[in-house]
Every structure is written in structure tokens, then in C-alpha cells.
Amino acid sequence: MRSQSQELNILEIERLKKEKNAIILAHYYQTGDIQDIADFVGDSLALSQKASSNSADIILFAGVKFMAETAKILAPDKKVLLPDMNAGCSLADSCKAEDFKIFIKDNPGRTVISYVNTSAEIKALSDIICTSSNAVEIVESLPEDEKILFAPDRNLGNYVLNKTGRDMVIWNGTCHVHEEFSLEAIIRLKKENPKAKIIVHPECEMPVRMVADFIGSTSALLAFTQNDKGNCYIVATEAGIIHQMIKANSKKTYIPGPPVDSTCGCSECNFMKLITVEKIVNCLKNEEPEIKLNRDILLRAQKPILRMLEISEKLGL
Ligand code: SF4
């Protein structure tokens, strides 16, 4: 049940969206109230696809900075807004352009595949971008003898390496949410709920991936809970996705996988949760903070993202 002030905020957002021809794109890790007011909710791949194909003048991105930057790179003539510029990403921050240039130089002759969870500068240094929805397929789309440099998530990189057996060197970065899942707590939950299936994002550490019944991107995990015959799931990814799982099937049970240091019992990305409905209202009203990128970096970053979208389209992803 929404309060009166929440209802007023939603009405104001609807009015501003119409007046300014704006759309709201929201990531699955946003809070449920934000997911519910968005024009489109998805994972990084779906949001990139949506950013590159819509007729709005303004995109308000309810997510983190690298996602809003990706939208700006794909829609440079649109105004792209991010309600809080502090909404960063520990994984993207683990890979700085100066260090990455050295890493590339130290590993010459490799095709550079970067995860979408990177800054525009890192994308500009890459040959192809991938998301967790298409990382395996992007690597497999390359000739078998092609040498690969993968960044920045070491867990996703190792997952892809195990799946494909390709020659890969991997940057040593992690996401603070996905590396924090407690194997012991997940096993304890499984003992308490023996019929529950453990579903895991590939950014999780190997021991957690090893106990998984299913591993997949956020959207793949959502689809799994919809199509699977089971009734109970221990979900090892950011807890925001559970909102969509409940919306799709409220009769099933979804237990958030607990992190090692748990005060709330679930794993939440503190960067994602910086975005609030109130900040969205102000951001739409004032049309700031706005994402602005150096033109040269934007154009160089565009190529590897377009390459990802082309490969994904060809493969029907
Ligand atoms: S969940 Fe992890 S990878 Fe995603 S935005 Fe938060 S810190 Fe970055």
C-alpha cells in the first residue's frame, strides 16, 4: 500500500515524463518501488538494447553510473540522467584505465573483452563488451585459437574459461555483493529447505558456484524460476531481482542468499540503493545530474558495445 506522498511522487513522475518525452530505464537491482514506476526493467544487456532503440528525448537511468554511461554511449544525442552520481560500482572501480592500459601492454596479441560493468574509458580500450547474459556466447563466437584478455570480473572470467576452455588471461576484479555470499550460510539454508534449488550469478566465487543447481545472469535466474517446476529457491545474486520473481510467481518461495557479514540477511548493492523515488522526481524536474562524456572516448567506447549488440542479435540473445 502506497502512502499519499508516494502516490504524489508517482503522479509527478508521470507528468514530467510526458512533458519532457522521457523514459525511465531501471535495473533489476533497484528497489521494488522504482522497478514499478520504470518504463522498462531489465539486466545490463536488455537495458543496453533498450537504450539504443527508443524514441525518448531523455533517458533517466535508475541504476549505477556505468549503466547510464552505456546508455549515453549508445544514444549520444539524448540527454541521459542519473539521479545520484555517487551510484558507482565496486567492480568497475577495481579496473582503472591507467592500470588496464599496462595490463593490455603486458599481454599483447589478445582480443580485449570487457564486461559492461566498466567505465567508458575501459570500454574505449576494449574490442568487445559483454554482459553476464552473453559472455560465454561472445567468447565462443570468436575463432577457437583467438587469445582473450577478459576484464574486470575474475569470477565471471573463470566461469567463462571453464565453460569454453579458451586461452584467457583475466583481470583480478570482483563485485562486493557477489563475492560476499557465504557458502556456509547457503548450505545451512539448503539443509533447512532441502527442496530449495540454489541459483547463482556467475559473478559469485567458485565455491558458491559449485553448489549451484543453476548458474545464470540476472535475467536467466528470473527465467529459471518462472520455467522450473520447483517451488523454492535460494537466490545468490542482488536481492532486488526477487521483486520480479515474486511478481512473476508469488506462490513460490525465494530466499535471498546471505552474505558473510549479514545484518539484514540478504545481499544488497549499496550503490544501486542510492537511487530513490524522490531523487528521480528531482532529477527529472531539474534535468540533472546529467551524464557527459568526452566525445573521443564516447566514440571509441561505442564500437565494442555495438559489436556486442551485433553478435547478440545474430545469436538471438
Ligand atoms: S551489484 Fe556489484 S557489479 Fe552490480 S553495480 Fe553493485 S557493485 Fe557493481
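The legends below describe close-up views of a predicted model. Local features need pLDDT of at least 70, side-chain atom pairs count only at pLDDT 80 or more, and totals for chains, interfaces and linings use all residues. Residues are numbered from 1 along each chain as its sequence is written, and side-chain values use heavy atoms, with hydrogens and water left out.

**View B. Crossing of helices H4 and H15.** The axes of H4 (residues 65-74) and H15 (residues 295-314) come within 9 Å and cross at roughly 90°. Axes are lines fitted to C-alpha atoms over the stretch in contact, with angles from 0 to 180 degrees between N-to-C directions; helices are DSSP runs (H or I) of at least four residues and strands (E) of at least two, numbered from the N terminus. The two helices, H4 and H15, are therefore roughly perpendicular (65 to 115 degrees). Thr70, Lys72, Ile73 and Leu74 of H4 meet Leu298, Ala301, Gln302, Ile305, Leu306 and Leu309 of H15 (heavy atoms within 4.5 Å). Seven nonpolar, two polar and one charged residues form this contact.

View C. The bond from Ala151 to Pro152 is cis, with omega near -5°; Pro152 lies in the loop between strand E7 (148-151) and helix H9 (154-164). Glu288 and Pro289 are also joined by a cis bond, with omega about 0°.

Definitions and conventions. Angles under 35 degrees count as roughly parallel, over 145 as roughly antiparallel, 65 to 115 as roughly perpendicular and the rest as oblique. Ala, Val, Leu, Ile, Met, Phe, Trp, Tyr, Cys and Pro count as nonpolar, Asp, Glu, Lys and Arg as charged, and the others, Gly among them, as polar.
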